[in-house]
Amino acid sequence: KKRNPHEYEFHQAAKEIFDSLIPIFAKYPKYIEHNILERISEPERMITFRVPWVDDQGNVQVNRGFRVQFSSSIGPYKGGLRFHPSVNASIIKFLGFEQVFKNSLTGLPIGGGKGGSDFDPKGKSDGEVMRFTQSFMSELYRHIGQDIDVPAGDIGVGAREIGYLFGQYKKIRGGYEAGILTGKAPIYGGSPARPEATGYGTVYFVEEMLADKGVGFKDSTVVVSGSGNVSIYAIEKAYQLGAKVIACSDSNGYVYDPNGIKLDTVKRLKEIERRRISDYVLEHPEAEYYEGCTGIWSIPCDIALPCATQNEIDEASAKTLVENGVKAIGEGANMPSTLEAIDVFLDNKVLFGPAKAANAGGVAVSALEMSQNSMRMTWTFEEVDEKLQSIMKNIYQNSVQAAEEFGQPDNLVMGANIAGFIKVADAMIAQGVI
Ligand code: NDP
């Protein structure tokens with residue numbers, strides 16, 4: 001805290017990990033001898049830069065760009081870019097730190113990074129988004145490379161933004177380095193199933209947790225926050241497994257549809273027309289719309305999938321979910337539950353799939369996109385989906401195994417953190433003090 005004042009989100013992410021790791025230091029003193037904790041929590045590199053651009057009125061605007069290259073111990077830096085007005089150094093560092101352990105958990109050779117800007121794409125024209133994005137890449141290009149650092153999407157960065165970023169990188173560098181970014185459209189080197197991967201993967205992970213208790217998504221009632229990339233495909237997969245999704249949201253409010261959220265409407269409103277979720281009730285008057293985000297957690301459900309943003313479930317919301325009988329939580333978003341909320345879930349024996357494990361499917365398929373780009377070939381949707389399912393199963397099993405080894409079999413927060421940490425820490429020791 002002394003070294004990183006005001007970085008509240010980073011402190012929160014670090015505390016969660018440090019608390020989980022306490023038992024391994026007694027068993028494996030080598031991690032203390034090599035001072036791994038202090039080294040692993042300092043990014044290898046943190047880049048901040050100016051992003052000037054011209055809006056449609058001809059005014060010159062300036063935003064701040066970030067890229068944190070946190071760890072390259074097991075592979076090139078890998079992690080998304082977030083465009084959202086709340087972005088600052090603390091948010092980028094917390095996301096980059098989490099990414100190190102998540103990427104290790106996938107079992108694939110990728111290090112951890114993250115980036116973004118405080119640019120707000122909401123209400124901007126395509127031309128403004130393109131000019132901003134080109135300016136952003138005009139600085140970022142010198143720090144990335146397919147064997148160095150491979151960015152992808154996150155909040156506010158979807159197929160449109162990745163396309164503009166890719167085009168600008170290609171223009172500056174010349175040549176065609178398909179593997180420089182992931183999340184590309186399949187027509188120019190993207191992987192099938194990448195848009196679906198995080199949402200589907202979260203549901204596959206929760207299905208594994210439920211299967212261990214002899215239940216599943218089938219016939220359950222589900223609440224999913226957000227209505228972006230992760231949420232839409234979590235909703236889709238939950239339906240495919242026989243569940244009913246009764247609510248979703250955006251940053252203004254949430255809709256409750258007791259008959260089941262109509263996914264086609266949500267997809268069209270959010271993916272194509274870029275409208276607000278409040279418009280859902282214009283087409284489905286039987287549904288109800290409420291202003292504000294946290295109210296969504298007062299809707300009784302069997303499974304809750306927070307898929308919007310950090311700290312969206314606080315202690316009070318967690319208690320309400322528990323009182324209403326929630327059985328499982330799957331974190332599709334990064335750090336959506338506060339530390340106090342996680343304690344409420346674990347203390348009440350709610351099955352809890354932490355973000356690092358539950359939402360790792362997105363970056364895993366990004367790594368598969370890198371493999372396909374290197375091989376200059378494309379797998380089918382079914383092939384990628386099959387690999388995704390097996391990766392999510394392995395992540396679940398490795399997390400359970402680590403939790404069991406350290407005496408807390410139901411604590412997947414601890415299990416995922418330990419399983420992710422050990423591989424990176426051992427690689428750091430093998431590579432010496434660098
Ligand atoms: P999108 O931008 O596609 O969607 C984000 C959704 O969350 C939107 O519905 C948005 O509403 C809502 N939202 C954003 N900020 C807030 C806020 N402060 N309060 C309430 N709601 C908010 O992003 P993604 O779906 O890609 O990302 C969602 C989460 O999943 C993030 O935490 C991200 O880090 C995480 N994640 C994403 C991965 C991916 O592959 N995309 C991979 C792993 C994790 P609005 O439209 O009003 O902005």
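**Ground rules.** I number residues from 1 along each chain as its sequence is written. Because the model is predicted, I take local features at pLDDT of at least 70 and side-chain atom pairs at pLDDT 80 or more, while totals for chains, interfaces and linings use all residues. Helices (H or I, at least four residues) and strands (E, at least two) are DSSP runs, numbered from the N terminus.

**Entry 1, helix α12.** Which residues of α12 are buried? I looked through residues 339-347 and found A341, I342, V344 and F345. Buried here requires 20 or more other C-beta atoms within 10 Å of the residue's own, exposed is 12 or fewer, and partly exposed is in between, with C-beta atoms placed from the backbone. Seen down the axis of α12, the buried residues fall within an arc of 155°, so they line one face of the helix. I took the arc from the directions from the helix axis to the C-beta atoms. An α-helix has 3.6 residues a turn, so residues three or four places apart point the same way.

I then checked what this face packs against. The partners are α11 (315-323), β11 (328-330), β12 (351-353) and α16 (412-430); contact means C-beta atoms, placed from the backbone, within 7 Å. Just after α12, K349 has a positive phi of about 60°.

The 19 residues of α16 should span 27 Å at 1.5 Å a residue, and its end C-alpha atoms are 27 Å apart, which agrees. The expected span is 1.5 Å times one less than the number of residues.

**Entry 3, ligand shell.** I listed 24 residues around the ligand, of which G228, S251, A308, A333 and G362 come nearest. A residue is near if its C-beta atom, placed from the backbone, lies within 6 Å. Helix α8 (residues 229-240) gives the largest share, three residues. By class, the shell has six nonpolar, 16 polar and two charged residues. Domain 2 (43-190) and domain 3 (195-358) each supply at least three; these bounds come from an automatic or database domain assignment.

Most residues other than glycine have a negative phi. R274, not a glycine, has a positive phi of about 50°. R274 sits in the loop between α9 (263-272) and α10 (280-283), and counts as exposed with 11 C-beta neighbours inside 10 Å. N311, also not a glycine, has a positive phi of about 55°. N311 lies in the loop between β10 (303-305) and α11 and is partly exposed, with 16 other C-beta atoms within 10 Å.

Definitions and conventions
Two residues are in contact if their C-beta atoms, placed from the backbone, lie within 7 Å. Ala, Val, Leu, Ile, Met, Phe, Trp, Tyr, Cys and Pro count as nonpolar, Asp, Glu, Lys and Arg as charged, and the others, Gly among them, as polar.
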